[in-house]
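User: Hi! I have a structure open and would like to talk through it with you. Could you help me get my bearings?

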Amino acid sequence: MTNPHIPVTEDELHAYVDNELPAERRGDVEAWLATHPDDAARVRSWRTMAEALHVRYDGIVDEAVPRRLEIERLVRQPRKWFYGAIAATLAAFIVGGGIGWMARGAAAAPSALQSFTTDALDAHRLYVVEVRHPVEVPGSERAHLQAWLTKRCGWLVRAPELTAAGLKLVGGRLLPGATGPASFMMYESASGERFTIYTAKSEAEATQMRFSSEGKESALFWADRGVAYVVVSSVGDRGRLTQIAQSVYDQMEKTGG
């Protein structure tokens with residue numbers, strides 16, 4: 001039994017959009033929307049966003065989940081593989097120094113930086129197609145998100161402000177990385193394009209910025225103060241990606257994290 005006078009929750013609205021709402025409650029929700037124009041407008045916007053995401057990402061939504069992101073690896077504590085990964089990373093990186101944007105002193109070995117980029121691209125593909133659960137902590141809880149990821153990752157994690165570039169913070173999550181925990185942030189434009197920022201511990205103090213592309217995705221990645229950053233996009237516009245990455249870099253330089 002349901003009661004049409006019980007207020008409709010946001011979870012029910014999401015379930016209605018995703019066609020996951022119990023049939024017996026669907027009529028109540030539709031009646032609610034008929035008398036609550038603000039909620040009706042939100043539902044229309046979510047449906048429009050979902051359609052845009054399907055058009056853009058349906059080609060990758062059925063791809064197999066990368067092994068490094070399987071749930072078993074997300075929940076268990078790293079053991080022998082962790083130390084092996086550290087050893088491999090130490091061997092691969094060339095410790096550098098200096099400052100600058102496109103030329104930052106000694107660069108890490110391309111294979112080491114590429115491993116970070118592969119992790120970032122896999123995470124981007126896995127979560128960018130999600131409409132209802134793309135992140136663990138929503139962007140509306142920015143302060144909590146930053147404090148939580150900083151505590152878990154062990155370095156100062158900041159969610160860059162990208163409003164000037166037309167992007168809103170969707171939120172973020174904690175991920176496993178080859179050298180320990182990694183932070184993952186997602187941003188979205190009004191038209192539905194999504195960018196992600198992946199950061200993980202790096203043995204290199206500073207590296208050159210590098211560009212990489214794989215399929216529909218492209219990335220710019222670099223290291224600064226012992227942290228590797230990877231900005232990923234699926235829009236195929238290198239100029240747009242560079243604009244976002246430049247803004248991320250500038251803000252990390254100012255905050256020191």
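Predicted model: local features only at pLDDT ≥ 70, side-chain atom pairs only at ≥ 80, totals over all residues.

User: Is glutamate 130 buried, exposed or partly exposed?

Analyst: Glutamate 130 counts as partly exposed, with a relative accessibility of 31%.

User: And how far apart are the C-alpha atoms of glutamate 130 and alanine 50?

Analyst: They are separated by 8.9 Å, while the two residues are 80 residues apart along the chain.

User: OK, aromatics next. How many aromatic pairs does a search of the whole structure find?

Analyst: The search finds 3 aromatic pairs. In one of them, the ring centres of tyrosine 127 and phenylalanine 184 are 5.6 Å apart and the planes are at 55°, so this pair is tilted.

User: Which elements do tyrosine 127 and phenylalanine 184 lie in?

Analyst: Tyrosine 127 belongs to helix α6 (residues 110–128) and phenylalanine 184 to strand β3 (residues 180–188). The pair therefore ties together parts that are 57 residues apart in sequence. Tyrosine 127 and phenylalanine 184 are both buried.

User: What about tryptophan 222 and tyrosine 229, how do they pair?

Analyst: Those two are stacked, with 5.4 Å from centre to centre and 15° between the planes. Tryptophan 222 and tyrosine 229 are also both buried. Ring pairs join Trp222 and Tyr229 with Tyr249 in a cluster.

User: Nice. Which residue lies over the face of tyrosine 127?

Analyst: That is arginine 173, at 3.9 Å from the ring centre. There is also arginine 238, which lies over the face of phenylalanine 211 at 3.8 Å from the ring centre.

User: Let me zoom in on α1. How many of its residues are buried?

Analyst: In α1, 6 of the 8 residues are buried, so this helix is largely enclosed by the rest of the structure. The buried ones are Glu12, Leu13, His14, Ala15, Tyr16 and Val17.

User: What follows α1?

Analyst: Asparagine 19 does, and its phi is positive, near 60°.

User: Where else is there a positive phi in a residue that is not a glycine?

Analyst: Arginine 225 has one, of about 55°. Arginine 225 is in the loop between β6 (217–224) and β7 (227–233), and it is partly exposed, with a relative accessible area of 41%.

User: Back to voids. How many cavities of 30 Å³ or more are found?

Analyst: The search of the whole structure turns up 1 cavity of that size. About 80 Å³ of space lies in the largest cavity. Its lining has 13 residues, and the closest to its centre are Val157, Arg158, Thr199, Tyr229 and Met252. Two or more lining residues come from each of β3, β4 and α8 (238–255). By class, the lining of the largest cavity has 9 nonpolar, 3 polar and 1 charged residues.

User: Last one: what does the side chain of threonine 179 reach?

Analyst: The side chain of threonine 179 reaches the backbone oxygen of lysine 201 at 3.0 Å. Threonine 179 lies in the loop between β2 and β3 and is buried, with a relative accessible area of 17%.

Key: Residues numbered from 1 in each chain as written. Heavy atoms only, no water. Phe/Tyr/Trp six-rings, centres within 6.5 Å; stacked < 30°, edge-to-face > 60°. Helix = DSSP H or I, 4+ residues; strand = E, 2+ residues; numbered from the N terminus. Buried < 20%, exposed > 50% of the residue type's maximum accessible area, 1.4 Å probe, protein only. Lys NZ or Arg CZ within 6 Å of the ring centre and 35° of its normal. 1 Å grid on protein atoms, 1.4 Å probe; cavity = no way out; pocket = protein on both sides within 12 Å on 5 of 7 lines; lining within 4 Å. Points joined across faces, edges and corners; volume = space filled by probe spheres on them. Nonpolar A, V, L, I, M, F, W, Y, C, P; charged D, E, K, R; others polar. Polar contact = N/O pair within 3.5 Å; in protein donor to acceptor, adjacent residues only side chain to side chain.
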